[in-house]
Amino acid sequence: MSALENLPETDHGLLRFLTCGSVDDGKSTLIGRLLFDTKTILADTLNAIEKTSAKRGMSAVDLSLLTDGLQAEREQGITIDVAYRYFSTGTRKYIIADAPGHEQYTRNMVTAASTANLAIILVDARKGVLTQTRRHSYLASLVGIPHLLVAVNKMDLVDYDQATYERIKADYLAFAGKLGIKDVRFIPLSALNGDMIVDRGDRLGWYDGPTLLEILEAVPAAHTEQAENFRFPVQFVCRPQDSANPELHDFRGFMGRVESGEIAVGDAVTVLPSGRSSTVKDIQIGGVGIERAIHEQSVTLLLADEIDISRGDMIVKTAEQPEQLKQVDATLCWLSETPLSPARTYVLRHTTREVKAKVAKIDYRLDVNTLEHEPATALAMNDIARLTLKLAQPIFADAYADNRATGAFIIIDESTNNTVGAGMIG
């Protein structure tokens with residue numbers, strides 16, 4: 001009987017998680033092993049990677065090929081782009097993001113981390129905690145990933161030595177203490193051989209903790225660990241033009257996604273920026289009325305009063321209003337090859353709202369290797385900095401630590417329409 005068959009038949013919700021760490025720590029192999037051992041690989045996919053592995057002269061299947069999808073990745077044996085993979089057990093659905101290990105792809109890692117609820121930080125048992133291990137750990141904590149799991153991989157190459165594992169654990173805890181990282185767990189494993197991934201194997205008997213899959217199954221789902229305020233950025237105003245149906249003549253629905261919190265028919269709401277108040281008359285999904293909507297549901301809200309609302313407005317509960325900001329203090333990761341210039345005007349997109357923005361000041365640039373603060377007058381690609389932005393119109397935001405949806409924004413270049421920066425408020 002496999003370990004999967006012993007899991008309880010309950011729904012633990014969706015979990016988005018990230019694998020990161022230094023180059024060649026085995027991130028792609030780990031994901032491949034998870035997919036293989038949970039029996040979520042299609043037969044034709046397995047056949048294809050078996051053939052590729054044989055061409056390379058390998059005696060076993062190279063499971064990293066399941067995530068390294070770009071031709072350049074396969075040729076070089078590295079991960080460049082973020083690869084997303086999906087699998088499920090009988091108890092939970094998963095979305096995995098495989099982040100690149102190279103420093104030059106830091107922006108890709110930040111993008112992948114922005115929606116994750118857990119980060120698996122791989123450490124090669126032979127090499128221990130490296131600079132990129134520290135860098136990715138800092139970035140994971142920076143973007144608000146609430147749970148970190150340090151997986152000491154390649155234990156097969158150190159003869160499954162417990163002393164090696166304990167030394168790496170102590171080194172990492174010393175570093176994590178400086179960053180203020182609190183929720184961090186450790187697990188020894190061998191992604192290549194499958195020890196302590198889904199099944200325990202028989203070579204890590206000294207470790208009495210849960211397997212990787214058991215940890216993933218037990219992690220709380222997003223939006224469940226603390227009470228959240230209701231935030232509903234309006235994406236579209238629905239006014240059906242159907243003269244044949246008189247019931248639709250006065251229909252005015254406000255469509256969007258519940259980014260956080262929940263809403264029920266009869267709740268008092270306020271529309272921002274106008275400040276006008278009303279109550280929820282109806283909530284619909286696909287034209288069918290429901291009594292209550294929760295986080296991450298896409299719904300249509302109908303209000304009891306006629307209020308002028310358009311895309312970019314935000315509907316909130318009257319008693320749970322966010323802060324109105326025309327000046328934003330934020331941590332920004334610069335994503336573009338063209339440097340950030342304080343002399344230029346950019347577009348800041350916050351939820352569905354877009355406003356003009358300029359850099360008022362750059363407090364410092366962060367050296368992610370040493371965590372030192374350095375003076376800066378501009379930002380290059382992959383730089384992370386603390387700065388202040390001045391906005392032409394207000395946005396309605398929460399601190400990123402309280403709400404990742406309304407505490408985050410992106411910066412867009414007006415001339416190219418490219419996304420050039422990603423920021424976190426507070």
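## Strand pairing

Two strands pair if DSSP finds at least two bridges between them. In this predicted model, strands E2 and E3 (residues 93-98) meet that condition, pairing in the antiparallel sense over six bridges. One of the residues involved is Tyr-86, whose bridge partner in E3 is Ile-95.

## The six-stranded sheet

E2 and E3 belong to an open sheet of six strands, arranged in the order E2-E3-E1-E4-E5-E6 with mixed pairing. The edges are held by strand E2 (83-88) and strand E6 (184-188); each has a single partner strand, so one side of each is left without a neighbour in the sheet. From one strand to the next, the twist averages 25°.

Helices pack on this sheet. Helix H4 (residues 106-113) touches strand E1 (14-21), E2 and E3, and its direction makes about 160° with that of E1. Helix H6 (residues 162-179) lies across strand E4 (118-124), strand E5 (147-153) and E6, and runs at about 160° to E6.

The side chain of His-350 reaches the backbone oxygen of Thr-406 at 2.7 Å. Leaving aside residues up to four places away in sequence, His-350 touches Met-314, Ile-395, Phe-396, Ala-397, Thr-406, Ala-408, Phe-409 and Ile-425.

## Salt bridges

Side chains of opposite charge can pair when their charged atoms come close. Across the whole structure, a search finds 16 salt bridges.

One of the pairs is Arg-203 with Asp-195, where the closest N and O atoms are 3.2 Å apart. Arg-203 is partly exposed, at 40% relative accessibility, whereas Asp-195 is buried, at 1%. Another joins the side chains of Glu-262 and Arg-292, at 2.8 Å from N to O. This pair links distant parts of the chain: Glu-262 lies in strand E9 (residues 262-264) and Arg-292 in strand E13 (residues 292-294), 30 residues apart. Glu-262 is partly exposed, with a relative accessible area of 36%, and Arg-292 is also partly exposed, with 45%.

A further salt bridge connects Lys-361 and Asp-363, with 3.5 Å between the closest N and O atoms. Lys-361 counts as partly exposed at 47% relative accessibility, as does Asp-363 at 35%.

## Confidence in the model

How confident is the predictor, and what is the mean pLDDT of the chain? The mean is 85, and 85% of the residues reach 70 or more.

How values were computed: Residues numbered from 1 in each chain as written. Predicted model: local features only at pLDDT ≥ 70, side-chain atom pairs only at ≥ 80, totals over all residues. Heavy atoms only, no water. Helix = DSSP H or I, 4+ residues; strand = E, 2+ residues; numbered from the N terminus. Axes fitted to C-alpha atoms, helices over the stretch in contact; angles between N-to-C directions. Contact = heavy atoms within 4.5 Å. Polar contact = N/O pair within 3.5 Å; in protein donor to acceptor, adjacent residues only side chain to side chain. Salt bridge = Lys/Arg side-chain N within 4 Å of Asp/Glu carboxyl O. Buried < 20%, exposed > 50% of the residue type's maximum accessible area, 1.4 Å probe, protein only. pLDDT = per-residue confidence, 0-100.
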